[in-house]
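This briefing is meant to be read alongside the sequence and the coordinates. Please keep both in view while going through the points that follow.

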Amino acid sequence: MMVQRQTRLKLSLYLNYFVHGIGLIILAQNMQALGKLWQEPLATVSYVISGVGIGRLIAYLILGSLADRYGRKNFIYFGMLCYLLFFGGILIAPNIQFAYGLAILAGVANSALDAGTYPTFVELGGSNGASNILIKAFMSLGEFILPLLVALLENHHLWFGWTFILAAVILLLNFGILRPVKFPIKNKAVAGKRQFFGHLPAWRRWLVAGCLTCYGYTSMALMILYTQWISLFALKTLHFSNWQAHFLLSLYSIGSISGVIILFWLLSRQISESKLLLILNSLSLISLLLISWSTQLFITAAASLIFGMTAAGGIMQTGLNLFLKLFPERKGLITGIFFTGGSLASFSIPLITGWLSKISVAAALRFDILIGICGLILVIIIKAVLDSAAATDLVQIRKKISRLDHWIIILLNRRFQAVKMVGEIKTAQQQQIRDSKRENQVLKQVARQSANQQLTPYLQAIYQQIMKNSRDYEANSERKDN
């Protein structure tokens with residue numbers, strides 16, 4: 001029964017992020033239709049999208065702390081309600097100012113869902129990293145389906161608002177799924193988490209923290225800019241058909257979902273986050289260069305798929321996981337800081353690219369290359385600092401082991417001297433060398449003194465070998481004396 005409730009809870013949480021994936025790009029995918037509705041140019045409609053970033057920027061740190069106090073479920077409800085108002089309100093927005101307020105509300109909805117959902121998965125136990133990756137998968141699924149629906153409506157000359165209504169209906173159904181479900185106890189401690197980077201010097205830790213905070217911005221900016229402008233870029237610069245232009249974004253979403261699976265597998269193979277950040281950011285930059293200057297549909301389509309796999313396949317969440325390992329005692333604050341960087345990207349990128357679009361749509365999209373270069377530089381610094389620290393730690397730890405080995409050898413020498421004396425006494429009293437009762441007492445004493453019960457079987461095995469070698473030493477000493 002408990003497993004069934006948890007499954008229902010997870011399904012509901014993931015369904016919210018499917019809708020969130022739609023919400024992330026629904027304004028960008030309908031810019032031309034919304035521009036006609038409000039009688040505004042594309043650049044002005046682009047500014048509306050920046051409101052999402054403002055909402056997130058205002059809400060992240062506040063809602064995170066409030067969710068700790070008032071419960072996760074309430075804030076998930078709040079996020080769902082805000083999204084309902086956004087999807088319904090956009091369709092009846094009388095002007096651009098009203099629409100901007102609704103975009104801010106969508107940003108608040110995003111913050112509320114994150115504030116309630118990420119801690120809930122931690123409190124459910126299990127693999128936090130896997131839960132984060134799967135959240136990204138459902139977001140990518142929403143981003144994949146929406147462009148196809150938009151293209152379908154456009155090709156059949158149907159009303160663009162059906163996509164907004166679909167998202168609202170899914171949220172209403174999800175209210176019914178979530179309502180009877182009980183959430184885990186808030187702020188429940190998760191056992192078994194070990195301290196990472198414990199030996200990292202303070203200046204290195206803060207340098208990496210600064211780079212990861214900036215990476216929160218660049219990783220989000222890379223995705224937002226691409227999803228906002230790729231369809232128009234393909235239409236106006238590459239001269240693709242309407243279907244081909246929208247399909248590039250769907251390929252990006254397919255790549256994103258595939259990237260989630262690949263990244264989950266790589267992380268399960270214990271490949272370090274810093275190495276993954278370096279490899280995936282390098283590949284995303286290469287694919288972005290191909291998209292920006294290739295005029296061949298096949299090359300552009302393949303590059304869009306690869307860009308989705310590398311830039312949107314959970315790599316932002318991987319950066320967050322690395323950040324949390326750096327400061328494991330302040331997870332809520334770190335999550336807020338990291339996603340605040342993403343919120344700044346949500347706010348600033350539409351403004352910057354809206355201005356660049358006045359030059360050309362190509363200039364707006366190719367600005368993503370500069371962001372990709374900055375992100376790659378950041379992860380190079382992160383990897384270099386952590387690798388250098390790891391090498392230093394390895395040397396220091398090995399020195400510590402060598403010092404311990406020095407004292408262990410001294411103590412073993414003394415033990416075997418005592419063993420020889422025991423052997424001489426046993427020989428004089430004509431006793432057997434092996435004393436099973438005494439050996440059992442030693443093993444029980446090892447178990448009592450062991451500070452870590454997981455180590456106890458290994459320590460007992462070591463002592464059994466020591467006692468065997470002691471018997472052999474006693475026997476050899478007796479033979480030599482005879």
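This is a predicted model: local features need pLDDT of at least 70, side-chain atom pairs count only at pLDDT 80 or more; totals for chains, interfaces and linings use all residues.

Between which helices is the loop that holds His239 found? His239 is found in the loop between H8 and helix H9, the latter spanning 242-268.

**Loop residues with positive phi**

- His239 has a phi near 60°, a positive value in a residue other than glycine, and with a relative accessible area of 65% His239 is exposed.
- His157, which is likewise not a glycine, has a positive phi of about 55°.
- The position of His157 is in the loop between helix H6 (128-155) and helix H7 (162-178), where this residue is exposed, with a relative accessible area of 74%.
- As background to these two entries, most residues other than glycine have a negative phi.

**The nonpolar core**

- The largest nonpolar core is made up of 127 residues, and those with the most contacts inside it are Leu27, Trp38, Phe86, Phe87 and Ile90.
- Helix H8, covering residues 202-236, gives the most to this core, contributing 17 residues.
- Once residues up to four places away in sequence are set aside, Ile90 touches Leu27, Leu34, Leu37, Trp38, Ala99, Leu102 and Phe164; among these partners, Leu27 and Trp38 are themselves listed with the residues that have the most contacts inside the core.

**The nonpolar surface patch**

- A nonpolar patch on the surface is formed by Ile279, Leu283, Ile286, Leu290, Phe298, Ile299 and Ile306, which together have about 650 Å² of accessible area.
- The elements that give two or more residues to this patch are helix H10 (273-293) and helix H11 (297-311), and H10 gives the most, with 4 residues.
- Phe298, one of the patch residues, has its place in helix H11 and counts as exposed because its relative accessible area, 69%, is over 50%.
- For context, nonpolar side chains in soluble globular proteins tend to be buried together.

**Thr300, a buried residue of H11**

- Thr300 also lies in helix H11, but in contrast to the exposed Phe298, Thr300 counts as buried, at 0% relative accessibility.
- A polar atom of the Thr300 side chain lies 2.9 Å from the backbone oxygen of Gln296.
- Leaving out residues up to four places away in sequence, Thr300 touches Leu238, Phe240, Leu248, Ile291 and Ser294.

**The salt bridge and its surroundings**

- A search of the whole structure finds 1 salt bridge, in which the side chains of Lys383 and Asp387 meet at 2.6 Å, N to O.
- Lys383 and Asp387 are separated by about one helical turn, because they are 4 residues apart in helix H14 (residues 361-428).
- Side chains of opposite charge can pair when their charged atoms come close.
- The two partners fall into separate accessibility classes, since Lys383 counts as buried at 17% relative accessibility, whereas Asp387, at 37%, counts as partly exposed.
- Ser274, found in helix H10, touches Lys383 and Leu386 when residues up to four places away in sequence are not counted, and Ser274 is buried, with a relative accessible area of 8%.

**Loop positions and distances along the chain**

- Ile433 is found in the loop between H14 and helix H15 (436-449) and, at 23% relative accessibility, counts as partly exposed.
- The C-alpha atoms of Ile433 and Asp472 are separated by 9.1 Å, while the two residues are 39 residues apart along the chain.
- From Pro41 to Ser346 the separation is 305 residues in sequence and 20 Å in space, C-alpha to C-alpha.

Terms used:
Residues are numbered from 1 along each chain as its sequence is written. Side-chain values use heavy atoms; hydrogens and water are left out. Patches are made of residues with over 30% relative accessible area and no salt bridge: like charges are joined within 9 Å, nonpolar side chains (Val, Leu, Ile, Met, Phe, Trp, Tyr) within 5 Å. Accessible areas come from the Shrake-Rupley method with a 1.4 Å probe; for residues, only the protein chains shown count as cover. A salt bridge is a side-chain nitrogen of Lys or Arg within 4 Å of a carboxyl oxygen of Asp or Glu. Buried means under 20% relative accessible area, exposed over 50%, partly exposed in between (1.4 Å probe, protein chains only). A nonpolar core is a set of buried Ala, Val, Leu, Ile, Met, Phe, Trp, Tyr and Cys residues joined through side-chain atoms within 4.5 Å. Contact means heavy atoms within 4.5 Å. A polar contact is a pair of N or O atoms within 3.5 Å; within protein, one must be able to donate a hydrogen and the other to accept it, and residues adjacent in sequence count only if both atoms are side-chain atoms.
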